[in-house]
Amino acid sequence: MSLKVQLLLLQAVIVCLATLITGVIAATLQERAIRDAYQDRMYAVAQSVARLPVIVDALDDADPAASVQPVAEIIREASDLTYVVVTDAAGIRLSHPHPDRIGEKVSTDPSAPLAGEIYEGTQPGTLGVSWRVKVPIFSDGGSVGDTSGAVVGMVSVGVLESELSADFLSQVPWLLVAMGASAVIGVFGAAWVTSVIRKRIFRLEPGEIASLVEQRETVLHRIGEGIITVDERGVITVANDAATRLLGDDDLVGRPAIEALEPAVADVLRRGEPDGALVLVGERVLIARSTGTVVDGEATAATLLLRDHTELHQALREMDGAQSLTDGLRAQAHEFANTMHVLSGLLELGLVDDAREFIAGSTPGGAMGGGETRPILGQFELSALLAVKTAQARELGIALDVRRDRSDAGADAPRLTDDLGHDLVTIVGNLVDNAVEACGLGDRVEVSARIDGGAVVVAVDDSGPGVPETDRAGIFIEGVSSKAPAGARGPHRRGIGLALVRRIVRRRRGAVEVADSPLGGARFLVRLPVEAAPAPTAPEAVPA
């Protein structure tokens, strides 16, 4: 059964049941209203007849029926009641719709009204089952609770139950017509509501909706990209697993995007960035794409896509290093070829001593090093990085010098943890890249690293243009760079390296600052607390 038929049938059943229940309640109230109206009429007629002077006086006559019967019949016909019966103190009828019943004792028990009480109820009589009211007649014409006279008779007023039923049934057709009309209108309304709902859900069937939900959940929670959607109010409505992992926050849904997201990410979401922009979240480099939350000046729902660019960013840096290594090896091969040519010429000229002196004066390591084999701060990765950066700088005509602290490899020097070593590689790599890019042909870059007072101190100096004092406060802000125009966007936007350095330094509870360098350019100084790694334990001797 299609969703349309199900919705229509369910709503039609609900409408019909509601109409039926309403009709039953309305019929009950109508029947009660009819009875209440008759009750009020019977009480009024009975008490009025009991207080009529002509009725009270007639009870003392020799033939009271002659005076009572005409009056009772006139009142009965005027009040549209079945009967108005007046009796004496013995319960003998003095009036009746059928005159032949006059003079007979009433067929029902008259004890209650003759005892001065009012009786109301349904009893069978000579005319049939009737609903009746019986009131006493007092000698002074008073009423119950307001008299001192004796009871001299009673008045019985009633209406047949069949007349009550007939009166009620005369109203039923109109009630049935109203119920039928309500049901028809309700069914047509249900059909309209069904059509509206079908349009709202693009006329999809329940199975199709369930399949779409399953596919959506699969895509959202298994895809590697982070997906965040916000509504027109800027509140996050959807955030998949990848988004919470990349942003490091498991409580995104239901919060305003401007509060839940970092400023750089929220800015991309707001302005829209279809081509993507590099943003820094924690120490992750992400590419953020957005449709924008404002279209034609009006707020609208938007989608934000996040892709982890950290590994690719690292891969690009490694590729640059590999390219630099290749260039350095090529330069080293070229230098070695030149050296061999010089040696060959000296030997052909018979200048053996000069050839020997030339070999002794050659620098070990060629273009890739200065003969130093000791790792910087005990970190071979850092030493390899600086060797490659030195060769790369030499190709650009920039002199890169690495100053070594002779005490950093002593027996008393603390061993650095692997995590600290990896962070040093990232910090030094970004600072050296920044310095080399700031320099030109003939400039110099100096790198020094040492352990001082329980902290690793790294300084990178250059002879470039330096950083003006007015710009030093914002140089570590993400997106700020002196190599690109302000506001540059896109996946190749600069201003990431120094921001990443500052975040790593803050995580390490260290400090980073920029100042004037003795070389004439800028000096970046980083201080990181040392976390000593446990010394390697010697293997236990195996007993012979």
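Is Pro529 buried, exposed or partly exposed? At 34% relative accessibility, Pro529 comes out as partly exposed (buried is under 20% relative accessible area, exposed over 50%, partly exposed in between, with a 1.4 Å probe and protein chains only). The model is predicted, so to speak of local features takes pLDDT of at least 70, and side-chain atom pairs count only at pLDDT 80 or more, while totals for chains, interfaces and linings use all residues. Residues are numbered from 1 along each chain as its sequence is written, and side-chain values use heavy atoms, leaving out hydrogens and water.

Pro529 sits in strand β16 (strands are DSSP runs of E, at least two residues; helices are runs of H or I, at least four; both are numbered from the N terminus). Leaving aside residues up to four places away in sequence, Pro529 touches Leu420, Gly454, Ala455, Arg508, Arg509 and Gly510 (contact means heavy atoms within 4.5 Å). Its C-alpha lies 9.3 Å from that of Ala511, 18 residues apart along the chain.

One of those contacts, Arg509, follows α16 and has a positive phi, near 60°. Within α16 (residues 497–507), Gly497, Leu498, Ala499, Leu500, Val501, Ile504 and Val505 are buried. The buried residues of this helix pack against β7 (273–281), α14 (418–438), β15 (511–516) and β16 (522–529).

Elsewhere, Asp61 belongs to the loop between α2 (53–58) and α3 (64–79) and is partly exposed, at 39% relative accessibility. Ile21, in helix α1 (residues 3–51), counts as exposed because its relative accessibility is 51%.
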